[in-house]
Amino acid sequence: MVRVHTISLRNPAHGTWSYNTPRSIQSITPNHASRSNSLPKSFSTSARAHSYTKSTVPNNSRPMPPLSPEHVNPNFLKVEYAVRGELAIKAEKYRVMLRTNDSGVKDIPFDRVVSSNIGNPQQKGLDQKPLTFGRQVAALLEYTELMGKGGDLFPKDVIARAKELYEEIGSIGAYSHSQGVPFIRKNVAKFIEARDGYPSDPNHIFLTSGASYGVSLMLSMLIDSPKSGILIPIPQYPLYTASLAQHSGTPVPYYLDESKGWSTDPVEVERAILEGQKKGIEVKALVVINPGNPTGGVIDEQVIKDLLKLCEKYELVMLADEVYQDNLHERENHPFTSFKKLLRQTNSPVPLISFHSISKGVTGECGRRGGYFECANVSDEVIALIYKMVSVGLCPPLGGQIGVDCLVRPPKEGDESYALWKQETDAIHQALARRTKFMTARLNALPGMSCAPALGALYLYPKIELPPKAIEAAKKAGKEPDMFYAHAVLDETGICVIPGSGFGQKEGE
């Protein structure tokens, strides 16, 4: 049974340096005493200075070797990120061969590569049209002279938005506040309050370079030993296992129920908690992806409440990945409800970190790298620690921050840009829902294949029954059956999909 994921200081030649604590900085040039005469007098009597003495090595010593894997952080070797792994690299090689008319092109049985390995709506081949409003605001802030000269090119509300942001930001070539532009964080807080009906503190909101940065940062904060465990859904987005490997954490898997539309079962989550504890793992947080990636499942309100109770019972931090909150294919029957809303509604004391992004939804601005996370029930001391860590990176990209502002403050009814914005966003929602239903039906019609419907997000996660001979061929090739199948799909059709083993799956699937 196979699963695949698809979209709707040392140089011997020059000597070595030995470290000494000298009485005078003059000893920095031993055997060349005359050089010390050129040093300033204020340096020549420094009792605190350090020096380095150079010793010679034989001329026949081996040359300095290149940097190799045994010299790097071993966690780098453990990280695996399936959506950008060997299949994506191979697909790019095919793409280059086709573009450059490589001599091997005649043997390739397709004329283009379709990258279904990652949610990247505006990539070539998918070509989702960018939303005009956000691009126009970005253009004016990139070239500010257009604000005064582009009256006939840009709607009045776009010019007004750009001027408003410019007053707050100035040049987008300058660093912003490390936590993100305060004005934009206030707008994010207003968006959250309007969505949930409960207040949001802009001082507890961090703008980020996409949601992925925030996820990795929060995981690194929570992991304090290799026994630190993080509950993750299986199947899961590979960001989580990759980040846990990088930061020496331990994944604690809980399994989604495919027979019930990839639903999340609190009983299964508690089973995973207890099993982890039996193994000596300190379970510290629960990751929930809603809507699901790669499954498209949408979690209902009662399950969210039950999960919050579990987190309270076992003193867990809740990490709510909600980047697909606007990707809903049956919005009336399966709406999105945020964890923050029910956290406040139930007066839950659980620490909650919620993530959002401009890469998904209908915005699809993956390359601009914009996102945010909000902290709830997190102490000011921890907020200060998070600020200290994000300040090391100076600030999130200004282009991404502007994208976040456009995400949380789209045109309103009555604005000059509203009609076009509504037309564009409706068209994208309809196209995604239509493709999802069409592809689900087509996959289910194929022999040996089945696919649960996706209620949200951008993906389908079909199951494929491979015949024994195919499994045997995979073993001979030294590959997992699903990876073997995914390579064959790419080689024969030019379609790049990702095997289920990259997302995690039950034993034998």
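Of the 509 residues of the protein chain, 49% count as buried, where buried means under 20% relative accessible area, exposed over 50% and partly exposed in between, with a 1.4 Å probe and protein chains only. The model is predicted, so local features need pLDDT of at least 70 and side-chain atom pairs count only at pLDDT 80 or more, while totals for chains, interfaces and linings use all residues. Residues are numbered from 1 along each chain as its sequence is written, and side-chain values use heavy atoms, with hydrogens and water left out. The accessible surface of the protein chain comes to about 26000 Å², of which 54% belongs to carbon and sulfur atoms; accessible areas come from the Shrake-Rupley method with a 1.4 Å probe, and for residues only the protein chains shown count as cover.

The secondary structure comprises 17 helices and 16 strands. Helices (H or I, at least four residues) and strands (E, at least two) are DSSP runs, numbered from the N terminus. Strand 6 (residues 228-234) is mostly covered, with seven of its seven residues buried. From strand 6, Ser228, Ile230, Ile232 and Ile234 point one way, and Gly229, Leu231 and Pro233 point the other way. In a regular strand the side chains alternate between the two faces of the sheet.

Strand 6 pairs with strand 7 (residues 250-255) in the parallel sense over six bridges; two strands pair if DSSP finds at least two bridges between them. In this pairing Gly229 stands opposite Thr250 in strand 7. Strand 6 is also joined to strand 8 by four bridges, again in a parallel arrangement, and here Leu231 stands opposite Leu286. Strand 8 (residues 282-289) in turn pairs with strand 9 in the parallel sense over five bridges, with Ala285 opposite Val317. Strand 9 is largely enclosed by the rest of the structure, because five of its five residues are buried. Val317, Leu319 and Asp321 point one way from strand 9, whereas Met318 and Ala320 point the other way.

Gln325 is located in the loop between strand 9 and helix 12 and counts as buried, at 8% relative accessibility. The side chains of Gln325 and Arg195 are joined by a polar contact of 3.1 Å, and the side chain of Gln325 reaches the backbone oxygen of Glu322 at 2.9 Å. A polar contact is a pair of N or O atoms within 3.5 Å; within protein, one must be able to donate a hydrogen and the other to accept it, and residues adjacent in sequence count only if both atoms are side-chain atoms. The C-alpha atoms of Gln325 and Gly292, 33 residues apart along the chain, are separated by 9.7 Å.

Rings of Phe, Tyr and Trp (its six-membered ring) pair if their centres lie within 6.5 Å; planes under 30 degrees apart count as stacked, over 60 as edge-to-face and the rest as tilted. By this rule the count comes to seven aromatic pairs. Among them, Tyr324 and Tyr459 form an edge-to-face pair, at 5.7 Å centre to centre and 80 degrees between the planes. This pair links distant parts of the chain, 135 residues apart: Tyr324 lies in the loop between strand 9 (317-321) and helix 12 (339-345), and Tyr459 in strand 13 (residues 459-460). Tyr324 is buried at 3% relative accessibility, and Tyr459 is buried at 3%. Phe206, Phe355 and Phe373 form one aromatic cluster.

The structure holds zero disulfides, a disulfide being a pair of cysteine sulfur atoms within 2.5 Å. Cys311 is buried, with a relative accessible area of 1%, and Cys375 is buried at 4%.
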